[in-house]
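Thanks for sending this one over.

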Amino acid sequence: MSERPAPKEFSLADEERVVRTYACTRFYRLLGPPATGYLTVTNRRLVYHCEAKSLVGRSNTVVEEMPLDDVGGISSAVAVSVNLILVAIFAAILFVAVRLALAILPDWMTSWVVLILLALPYLLGLLINKGVISQDLLQKTTQSLEGNPVWGYLRRRDAQFYMGLFHTVFLAVLLLGAGRVAFESRLGVGLLGNAFLIAACLWVYRSAIRRFLSFSLKVTARSSHSAGILIPGQGLLQVLRGHGAELRSLWASPAEDAERLVHELGALLTDVRLLGDLGLAKWTDEPAPAEA
């Protein structure tokens, strides 16, 4: 059984070995790379850890741990949690924002031509993801942009980031288009027009929340010497607090290993505690064999 390196956020004790590490949460930031929270299982401890750089370049770290033998119960989930109060607040904010945007912005900025152009990047991205647009054409286009300093800067972000950005712009375009239909058509500015725009706001909320799943994990302790580990899951008020990204990762969206963690963690901890070295051999992530 090969040894797995210890994460840089914490050190291993004597005879302590890493069994498996899960990328369980990811907090996306407007400035700087996303902060990823990891849950690492060793043969002695269960550790949540995350490191992120602040806006001034300083590395901040959060580590929460508990002894493996002290694990009492585990509750985990990857799901969408809908709060009706937040739905109402969200729809009201969008409604007021659309009304203000249509009243303040110049007519050309909310014209159908501009709205369609703004929606095109997301629609093209969907066509690429669905295979309607050839990947060869996409590769040739990106190759032609090599050497361009702007393209070099844009490549620092992955496709998932840009699709999220394009999706946000697309939803804003839909709201502005719905506002124009509601107040510049026969629907008028009365009750029917307001109802149409509110329905559009609710649809946008329903569409947007699909992209913001919540990962939660609660590991309770048998004894009073440990507080356990708690990852509350996504919450609007918690995310808006003034903590650094490393702490806000506790309330972040699920990362790529979140669902795998939900399915495996209970069995992993049981095998490691009861089977000893056999459990370690079963669950330790082995490196891929080198090609001949």
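1. Arg26 is buried, with a relative accessible area of 14%. Buried here is under 20% relative accessible area, exposed is over 50%, and partly exposed is in between (1.4 Å probe, protein chains only). Bear in mind that this is a predicted model, where local features need pLDDT of at least 70, side-chain atom pairs count only at pLDDT 80 or more, and totals for chains, interfaces and linings use all residues. Residues are numbered from 1 along each chain as its sequence is written, and side-chain values use heavy atoms, with hydrogens and water left out.

2. What does the side chain of Arg26 make polar contacts with? One partner is the side chain of Glu256, at 2.8 Å, and another is the side chain of Thr36, at 3.0 Å. A polar contact is a pair of N or O atoms within 3.5 Å; within protein, one must be able to donate a hydrogen and the other to accept it, and residues adjacent in sequence count only if both atoms are side-chain atoms. Leaving aside neighbours within four places in sequence, Arg26 is in contact (heavy atoms within 4.5 Å) with residues including Pro34, Ala35, Ala252 and Pro254.

3. Arg26 sits in strand β1, residues 18–27. Helices (H or I, at least four residues) and strands (E, at least two) are DSSP runs, numbered from the N terminus. The strand is mostly covered: 9 of the 10 residues of β1 are buried.

4. Now the sheet around β1. It is an open sheet of 5 strands in the order β4-β3-β2-β1-β8, paired antiparallel. Two strands count as paired if DSSP finds at least two bridges between them. At the edges are β4 (59–67) and β8 (253–254), each pairing on one side only.

5. β1 pairs with β2 (residues 35–42) over 8 bridges, in the antiparallel sense. Within that pairing, Arg20 stands opposite Val41, and Ala23 has Tyr38 as its bridge partner. With β8, β1 makes 2 bridges, again antiparallel, and there Arg26 is opposite Ser253.

6. What lies across this sheet? Helix α9 (residues 258–275) lies across β1, β2, β3 (45–53) and β8, and runs at about 150° to β1. Axes are lines fitted to C-alpha atoms, for helices over the stretch in contact, and angles run from 0 to 180 degrees between N-to-C directions.

7. The largest nonpolar core has 31 residues, of which Leu39, Leu46 and Tyr48 touch the most other members. α9 gives the most to this core, with 6 residues. A nonpolar core is a set of buried Ala, Val, Leu, Ile, Met, Phe, Trp, Tyr and Cys residues joined through side-chain atoms within 4.5 Å. Not counting residues up to four places away in sequence, Leu46 touches Leu39, Val219, Ile229, Leu265 and Leu269, among others.

8. Cys50 is in no disulfide either, and a search of the whole structure finds 0. Both are covered: Cys24 is buried, at 0% relative accessible area, and Cys50 is buried at 0% too.

Key. A disulfide is a pair of cysteine sulfur atoms within 2.5 Å.
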